[in-house]
Amino acid sequence: MNALSDIAAYLLQTALNLALLAILLRFLLQLVRADFYNPVSQFLAKVTNPLVLPVRRVIPAYRGLDLSTLLLALLLQMAAIVALLALNGLGPPGIMTLLVWSVLGVVGLLVNIYFFALLAMIILSWIAPGGRHPALLLLFQLTEPVMAPFRRMLPNMGGIDFSPILVFILINVIQIALGHMAAAAGLPAALVIGL
């Protein structure tokens, strides 16, 4: 029975990770005003519409911020934590604890998305500089608002861009802070999706 519950927990966590990833990518691409007609954007919209559109009828956007998608990600994180606790034979925590754990999980996943997006941008800039693939264009649109302030801070280094190093340092600082906040909130590390 223990092996079956481990397998069920793994499959549930994987499915919820993928759903959360799709929803948060949709949120981020809307936030940075990425090309909606990009095939990858269209795919994300079609995959997440069944979940997002009903919530959007109740919670409208506010000043260009898609609150319904963000709330859906938070609710999905909460459901994941409760389900994983139940699979481990534990009851749900209090609502405030669950809310704190969920916020930490969503923020952790957002940070991880940027970490891997930047890593992909760096690798693809070596392999296919100036590439025009739709996914590469979306990666650029997603990461450029984060990279631009760091590029302005650094002097010209002869064509070499050191701004990703500063962004990676910032990401690591945020991840350390999130880890300590999760420990302070009593969050079991195995239950967090995104951290």
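In the residue classes used here, Ala, Val, Leu, Ile, Met, Phe, Trp, Tyr, Cys and Pro count as nonpolar, Asp, Glu, Lys and Arg as charged, and the others, Gly among them, as polar. By these classes, the lining of the largest pocket comprises 14 nonpolar, 4 polar and 4 charged residues. The structure is a predicted model, in which local features need pLDDT of at least 70 and side-chain atom pairs count only at pLDDT 80 or more, while totals for chains, interfaces and linings use all residues. Residues are numbered from 1 along each chain as its sequence is written, and side-chain values use heavy atoms, with hydrogens and water left out.

**Largest pocket**
- A pocket is an open set of points on a 1 Å grid over the protein atoms alone, where a 1.4 Å probe fits, with protein on both sides within 12 Å along at least five of seven lines; lining residues have an atom within 4 Å of a point.
- The volume of the largest pocket is about 460 Å³, a volume being the space filled by probe spheres set on the points, which are joined across faces, edges and corners.
- Its lining has 22 residues, and those nearest the centre are Met 121, Ile 122, Ser 125, Arg 151 and Asp 161.
- At least two lining residues come from each of helix H4 (95–127), helix H5 (134–153) and helix H6 (163–184), with H5 giving the most, 7 residues; helices are DSSP runs (H or I, at least four residues) numbered from the N terminus.

**Second largest pocket**
- The second largest pocket has a volume of about 270 Å³.
- It is lined by 15 residues, of which Leu 25, Ile 113, Ala 117, Leu 139 and Leu 142 are the closest to its centre.
- Two or more lining residues are given by each of helix H1 (2–31), helix H2 (39–58), H4 and H5, and H4 has the largest share, 6 residues.
- This lining divides into 14 nonpolar residues, 1 polar and no charged.

- H1 has 30 residues and spans 42 Å from first to last C-alpha, close to the 44 Å expected at 1.5 Å a residue, where the expected span is 1.5 Å times one less than the number of residues.
- Leu 44, in helix H2, is buried at a relative accessible area of 8%.
- Leaving aside residues up to four places away in sequence, Leu 44 touches Ala 22, Leu 25, Arg 26 and Leu 29.
- Just after H1, Arg 33 has a positive phi of about 55 degrees.

Note on methods: Buried < 20%, exposed > 50% of the residue type's maximum accessible area, 1.4 Å probe, protein only. Contact = heavy atoms within 4.5 Å.
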